[in-house]
Amino acid sequence: MALKFTDMDLIAPLQQALQATGYTTPTPIQEQAIPVILSGQDLLGIAQTGTGKTAAFCLPIIQILHGRPLRREPRCPRALILTPTRELAIQIHKSLVTYGHFVPQKYAVIFGGVGQGNQVRDLAQGTDVLVATPGRLLDLIQQKYLRLDKVEIFVLDEADRMLDMGFLRDIKKILPLLHGRRHNLFFSATMPSEIQGLSSSILKNPAKIEVTPPATTVEKIAQTVMFVEKKEKLNLLVHLLKDHDLNKVIVFVEMKFFANKVVEKLQANGISAAAIHGNKSQGARQRALEDFSLDRTRVLVATDIASRGIDIDGISHVINFELPNVAENYVHRIGRTARAGSVGDAISFCTSEEKSYLANIEKVTKQQIAVNVDHPYHSESAARSSVMSVGKAKAQIEGQRRSPPARRGGPRRPSGGGNRSRFSRPSRG
Ligand code: AMP
């Protein structure tokens, strides 16, 4: 029999809040992490968004603080959750408010890109748990609106994303400001060596818990790949969106500037679209998300980083305009569709260079992705090209991004490109 939240050592106000949200069964990371955190041990959690990790740390933090004498002081949070993006910060804060509804605690969230007035006011009133992005946190500390020496529990969330986004230096500035004797929780989807190093500098004798996103998510998604030349990808996208079954679509691109270009092309073709990426203002990102969520915009064009933590139901299709070179990101992206038991569709555009990423994705997901040749931009040369090493593919793809597109005769392309043939069968190389 599956463990229920009611079987766990969680206090009544948390049980009540869980009941109100309708959650009955803990996810694997919740089942494993909650008892460890409640016991006071440090934790290394290898898990990504979608596994239920937010509740896995929010629930025990609320319970631990609730069991200690209330010492809420202005400007001195008792727990700090550091997370890389504004969207994640907002979502974690929302979870705290939900799960902590029946305890007398206060939760605040601070992030950059908006005025600091309300955030400063919240801090001055005192907060039990503070959710923060690193830049704004340091900023408000410098202005003396905030101190970290009373932090009893410290969470570093999405550590590998922090590294990707260049926040490692900020984190190293923040660590010495924290109280030496504290409870540390460290979460990362992957453990590259720098993150390994950071985790061992923070954690003392941690329990290690590793979970992967449920494989069933991927199995419920109809995945296809379309071989296409890079220069035809925009046309292929517009072509696909003529089909109105694609009614709520996330398009993933790798580069921020390119997200805007895709939006312009779609809008020029009468398709409502908006972009979210790190260069957009906080207000613009929130608006774009809300419009998409309420079906006022049909297509959301996103980068991986900006899309982290976004939880929107009813997404009909995920389109990988470019394939990610990290297979876990692919799994994470396509998991946006097929939420809450529904089925979903994921379509990936693939050039000859990206075939190497595709091969890696198929290896990691242990699934072969079906090829769809039934579209006017099918590239037989991409379909037939051999799979190059990931290193070579990466170098070529990044080289193409750096070199500006040629005005005449199309973009520069590596050898091996060619024309479509209507007669040959695709090969997977
Ligand atoms: P997270 O990985 O924390 O971003 O959570 C992913 C999604 O799962 C969010 O929409 C949560 O609200 C939801 N969720 C978290 N825990 C549970 C649970 N035990 N049962 C059902 N849904 C959950």
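Are helix 2 and helix 3 roughly parallel or roughly perpendicular to each other? Please start there and then go on to other parts of the chain.

A: Keep in mind throughout that this is a predicted model. Helix 2, which covers residues 28-38, and helix 3, which covers residues 53-67, pack with their axes 9 Å apart and at an angle of about 25 degrees. Angles under 35 degrees count as roughly parallel, and helix 2 and helix 3 are therefore roughly parallel to each other. The crossing in which helix 2 passes helix 3 is right-handed. On the side of helix 2, the contact is made by I29, Q30, A33, I34, I37 and L38, while helix 3 brings K53, A55, A56, F57, L59, P60, Q63 and I64 to it.

Helix 15 (residues 327-334) and helix 16 (residues 355-365) pack with their axes 9 Å apart, at an angle of about 75 degrees. Since angles from 65 to 115 degrees count as roughly perpendicular, that makes helix 15 roughly perpendicular to helix 16. Here the contact is made by A327, Y330 and V331 of helix 15 together with N360, I361, V364 and T365 of helix 16, and these residues of the contact of helix 15 with helix 16 divide into 5 nonpolar, 2 polar and no charged.

Helix 16 also holds E362, which is partly exposed because 17 other C-beta atoms lie within 10 Å. From C-alpha to C-alpha, E362 and A327 are 8.3 Å apart in space, although 35 residues apart in sequence. If its neighbours within four places in sequence are left aside, E362 is in contact with Q367, Q368 and I369.

Helix 11 (residues 233-240) shows how burial can be arranged around a single helix. Its buried residues are K233, L236 and L237, and they cover an arc of only 100 degrees around the axis, which puts them on the same side of helix 11. What covers these buried residues of helix 11 includes strand 8 (221-227), strand 9 (249-252), strand 12 (317-320) and strand 13 (344-350).

R75 is placed in the loop between helix 3 and strand 2 (79-82), and R75 is partly exposed, with 18 other C-beta atoms within 10 Å. E158, which is not a glycine either, has a positive phi of about 50 degrees and lies in the loop between strand 5 (153-156) and helix 7 (159-164). With 25 C-beta neighbours inside 10 Å, E158 counts as buried, because the cut-off for a buried residue is 20 or more.

Finally, the whole chain puts these parts in context: there are 18 helices and 14 strands in the chain, and buried residues make up 41% of its 429 residues. Among contacts between residues at least 6 apart in sequence, 77% join residues at least 24 apart.

Technical notes. Residues are numbered from 1 along each chain as its sequence is written. This is a predicted model: local features need pLDDT of at least 70, side-chain atom pairs count only at pLDDT 80 or more; totals for chains, interfaces and linings use all residues. Axes are lines fitted to C-alpha atoms, for helices over the stretch in contact, and angles run from 0 to 180 degrees between N-to-C directions. Helices (H or I, at least four residues) and strands (E, at least two) are DSSP runs, numbered from the N terminus. Angles under 35 degrees count as roughly parallel, over 145 as roughly antiparallel, 65 to 115 as roughly perpendicular and the rest as oblique. A crossing is left-handed if the near helix is turned anticlockwise from the far one by less than a right angle, and right-handed if clockwise. Two residues are in contact if their C-beta atoms, placed from the backbone, lie within 7 Å. A residue is buried if 20 or more other C-beta atoms lie within 10 Å of its own, exposed if 12 or fewer, and partly exposed in between; C-beta atoms are placed from the backbone. The arc is that of the directions from the helix axis to the C-beta atoms. Ala, Val, Leu, Ile, Met, Phe, Trp, Tyr, Cys and Pro count as nonpolar, Asp, Glu, Lys and Arg as charged, and the others, Gly among them, as polar.
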